[in-house]
Amino acid sequence: MTTLRAGGASDVGRVRAINEDSFLIADGLYAVADGVGGHQAGEVASATAVEALAVEFTTATRDGLVDAFQAANEAVWTLAQESVERRGMGTTLTALALVEGEDGDDQLVLANVGDSRGYLFQGGELVQITDDHSLVGELVREGQITEAEARVHPRRSIITRALGMDARIEIDTWTVDPSTGDRLVLCSDGLTNEVSDDRIAATLRRLGDPQDCAGELVRLARANGGNDNITVVVVEVLDDSGRRAADSAAARGTAGARRSVVHDTGPVEADELFGDRSTPDSSSAGSIPREAPAPEGSPAAPGVGPRRLTWRVAAFAVVALAILGLGAVAMVWYARSSYFVGLDGDQVAIYKGRPGGLLWFDPTVEQVTDLTVDQVAPARRAELRQGKTRASLDAAEAFVVRIAEEGERLGLADPEPEPEGARPPTTSTVPAGTGGAP
Ligand code: MN
């Protein structure tokens, strides 16, 4: 049995009149929600989402959590339609649940919609797991601004995905293998806009008790300005029933990293390729023919006696072929258009194509970077092994820069960087204090 303990704290901050954040600490279910909307609608939205999540999370599986998210979205959406004052209200929702995985083992599932965040603190290192669904979050992912610039960006409060905005929502989920001593932090942007990741990590290193951590992080955000409501939930894996010891033994002698975080679903393909995530209706889908229709008047259609190929039928055939051709072009474009960041041996590389390939299109290496897997935070390595899809080469390069900086902050960078010709293609040593073993 995996056992967890948690602590949480929430504060209105020093500027706002009311606290529109909500949080939940229940048995095996933890959540943070940050509501938006005037006339206290934000407060209603976040409280509704958290309550609905708690009520609807009845099956402790990943799908059960996703269903509970959809139900929470419906609850907020329904309420938003009921009165003019509540129209347009919405909320972020970041939740962590203890579930039974497909193999029967206990697992943690992190799910997210919006710009509240989920972090994993493992072996003294802090890694942000969730992607911010915000305008500045997208700019950071595309490499147009830095994380520091995002924290003070005038449009940092614009979110691109939230509960209550539409009848259905897209939810990102990650599976995390629980490991004794790991801590997960769920928080609203009132923390992350005021306190850097380094400060959050330092606080987690200094304080062990989840409640102390949550309280101290809220205090720091207030001290740094408190411009928004601040909410923090810290969950600690007290006991993983021997999983960590087993994994460490299994990982010994291999590259070292254990498989800790896997991104299940994400804001990749459809949204990034076809754009315009604000209108997920048929208008954009219509422009890319997914199935080329077999036209009724096609020349191959059985008829009474031999039919002459009239100009009308010929024109139809030309159009049908054009549609088929467009479909094929779209397919090739889809298979080849995007990039992903993965591993080429021990080196982090940018590939063109889709992870694992699509149809007969295998991904090709676009560029091999100087970054090695040892220089990447252990919590990111599973993600790289799977391939992290990005919409453009720029976005892929920005992601590499981000994980390189993250690794540097964690002290994983090579102490003597040898700029060229010194890229060892074979295994390199794992720096002490990283990898699987504690
Ligand atoms: Mn906020």
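**The metal site and its surroundings**

Aspartate 34 and aspartate 189 are both buried. Keep in mind that this is a predicted model.

What do these two hold? Together with Asp228, Asp34 and Asp189 coordinate the manganese ion. Each of the three contributes OD, at 2.1 to 2.3 Å. Along the chain, the donors follow the spacing D-x154-D-x38-D. Aspartate 34 sits in strand E3, residues 29-36, and aspartate 189 in helix H5, residues 189-192, so this pair ties together parts that are 155 residues apart in sequence.

Stay with E3 for a moment. Strand E2, residues 21-26, pairs with E3 in the antiparallel sense, over 6 bridges. Alanine 26 stands opposite leucine 29 in E3. The hairpin of E2 and E3 has 2 residues between the strands. There, glycine 28 takes a positive phi near 80 degrees.

Next, helix H6, residues 197-206. Which residues of H6 are buried? Asp197, Ile200, Ala201, Thr203 and Leu204. Looking down the axis of H6, the buried residues fall within an arc of 160 degrees, so they line one face of the helix. On the other side of H6, Arg205 and Arg206 are exposed.

Arginine 206 takes us to salt bridges. Its partner is glutamate 216, with the closest N and O atoms 3.3 Å apart. Arginine 206 is in helix H6 and glutamate 216 in helix H7, residues 210-223, so the pair ties together parts 10 residues apart in sequence. The two ends sit differently. Arginine 206 is exposed, at 54% relative accessible area. Glutamate 216 is buried, at 16%.

How many salt bridges does a search of the whole structure find? It finds 16. Two further examples.

One is lysine 388 with aspartate 131, the closest N and O atoms being 3.8 Å apart. This pair links distant parts of the chain, 257 residues apart. Lysine 388 is in strand E16, residues 388-390, while aspartate 131 is in the loop between strand E8 and helix H3. Both lysine 388 and aspartate 131 are buried. They also belong to a network of salt bridges, linked with Arg380, Glu383 and Glu406.

The other is arginine 62 with aspartate 63, at 3.4 Å between the closest N and O atoms. Arginine 62 is partly exposed, with a relative accessible area of 26%. Aspartate 63 is partly exposed too, at 47%.

That's the tour. Over to you.

Definitions and conventions:
Residues are numbered from 1 along each chain as its sequence is written. This is a predicted model: local features need pLDDT of at least 70, side-chain atom pairs count only at pLDDT 80 or more; totals for chains, interfaces and linings use all residues. Side-chain values use heavy atoms; hydrogens and water are left out. Buried means under 20% relative accessible area, exposed over 50%, partly exposed in between (1.4 Å probe, protein chains only). Helices (H or I, at least four residues) and strands (E, at least two) are DSSP runs, numbered from the N terminus. The arc is that of the directions from the helix axis to the C-beta atoms. Donors are N, O and S atoms within 2.8 Å of the metal (3.2 Å for Na, K and Ca); water is not among the atoms, so sites may look incomplete. Two strands pair if DSSP finds at least two bridges between them. A salt bridge is a side-chain nitrogen of Lys or Arg within 4 Å of a carboxyl oxygen of Asp or Glu.
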